[in-house]
Amino acid sequence: MPVPAVTWWGHATCTVQDSGVRVLTDPLLTGRLAHLRRRGGPVPPADAAREADVALVSHLHSDHLHLPSLAQLAPGTAVLLPRGALRAVPGLRRLPGLGLELFEVAPGDEVRVGPVTVRAVPAEHDGRRLPFGSARAPALGYVVSGEGVTYFAGDTSLFDGMESEIGPCDMALLPVGGWGPFLGPGHLNPHRAAEAARRIAPRRSVPIHYGTFWPVGMGRVRRHEFQDPGRDFVRHAARTAPEVAVDLLLHGESASVDRRRAGR
């Protein structure tokens, strides 16, 4: 498969393949999380976790740092976490007993995984482990560099110096929505995500973090907020960042810099 190649499994969970290395972002491999139910796409296949060489965790919220999903990773898998995560989330300390290698990182830190380098970059988002207390660690994005360069934003809003912190990239995975009818601060909506695409100027972009989870019992509440963010991002990006090609993926579909879209 041409590189970099990205498969979107739903929410913020993606597999980035580059130079023979599989990078899994914010693994959330479940059909239910507290009051949230998966309404879009199937639960990602077990191979998404077992075949990963490294997993990236962007921040402490349980829909991004999901302990049962991390426990599905194969022994020997590296897990990158925001610095302070082990103190804030004691359950993480059980993962080395499963053979996982945990690395806490801060913006600017780099970790080498075979021929690929993963660099932590800033994100503008709440770093607390809600709803479990005030323990926190800074939210992060990640830049994966191999034969290509892929930016995974995690959860973030626009921030000063965004383009210089991230640098030139081939593919940007940008959050465009959420898991409920309202987006709080520290998020990108379709309009702001299009502005992020303009600033970063990747060759291609994939909208993520929408159309997957929704609160139980709210299936009829503002339903347009569930699926529309992806389509709205395509529309806004065409005006705001026309030089950036957008791949609007279904769950389980893949895209790469060289090939627009492929089924699972």
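Author: Two rings of Phe, Tyr or Trp (for Trp, its six-membered ring) count as an aromatic pair if their centres lie within 6.5 Å, and the pair is called stacked when the planes are under 30 degrees apart, edge-to-face when they are over 60, and tilted for the rest. This is a predicted model, in which local features need pLDDT of at least 70 and side-chain atom pairs count only at pLDDT 80 or more, while totals for chains, interfaces and linings use all residues. Residues are numbered from 1 along each chain as its sequence is written, and side-chain values use heavy atoms, with hydrogens and water left out.

Reader: How many aromatic pairs does the structure hold?

Author: There are two. In one of them, W8 and Y210 are stacked, with 5.3 Å from centre to centre and 15° between the planes. This pair links distant parts of the chain, 202 residues apart, since W8 belongs to strand β1 (residues 5-10) and Y210 to the loop between β14 (204-208) and β15 (213-215). Helices (H or I, at least four residues) and strands (E, at least two) are DSSP runs, numbered from the N terminus.

Reader: Are W8 and Y210 buried or exposed?

Author: Buried means under 20% relative accessible area, exposed means over 50%, and partly exposed lies in between (1.4 Å probe, protein chains only). W8 is buried because its relative accessible area is 1%, and Y210, at 5%, counts as buried too.

Reader: Why is the pair of W214 and F226 edge-to-face?

Author: The ring centres of W214 and F226 are 5.5 Å apart and their planes stand at 75°, so the pair is edge-to-face. W214 sits in strand β15 and F226 in helix α6, so this pair ties together parts that are twelve residues apart in sequence. W214 is buried at 1% relative accessibility, and F226 is buried at 4%.

Reader: Which residues of helix α5 are buried?

Author: The general idea is that an α-helix has 3.6 residues a turn, so residues three or four places apart point the same way. In α5 (residues 190-200) the buried residues are P190, A193, A194, E195, A196, A197 and I200. The elements that cover these residues include β12 (149-152), α4 (162-166), β13 (171-175) and α6 (224-240), where contact means heavy atoms within 4.5 Å.

Reader: Where does a positive phi turn up in residues other than glycine?

Author: Just after α5, A201 takes a positive phi of about 55°. A34 has a phi near 50° and is found in the loop between β4 (32-33) and β5, where A34 is exposed, with a relative accessible area of 61%. H209 has a positive phi of about 65° and lies in the loop between β14 and β15, but at 1% relative accessibility H209 counts as buried.

Reader: What is H66 in contact with, leaving aside its neighbours within four places in sequence?

Author: H66, in the loop between β6 (54-56) and α2 (67-70), is in contact with P27, L28, T30 and L33 once those neighbours are set aside. H66 is buried, with a relative accessible area of 10%. A polar contact of 2.6 Å joins the side chains of H66 and S69; such a contact is a pair of N or O atoms within 3.5 Å, where within protein one must be able to donate a hydrogen and the other to accept it, and residues adjacent in sequence count only if both atoms are side-chain atoms.
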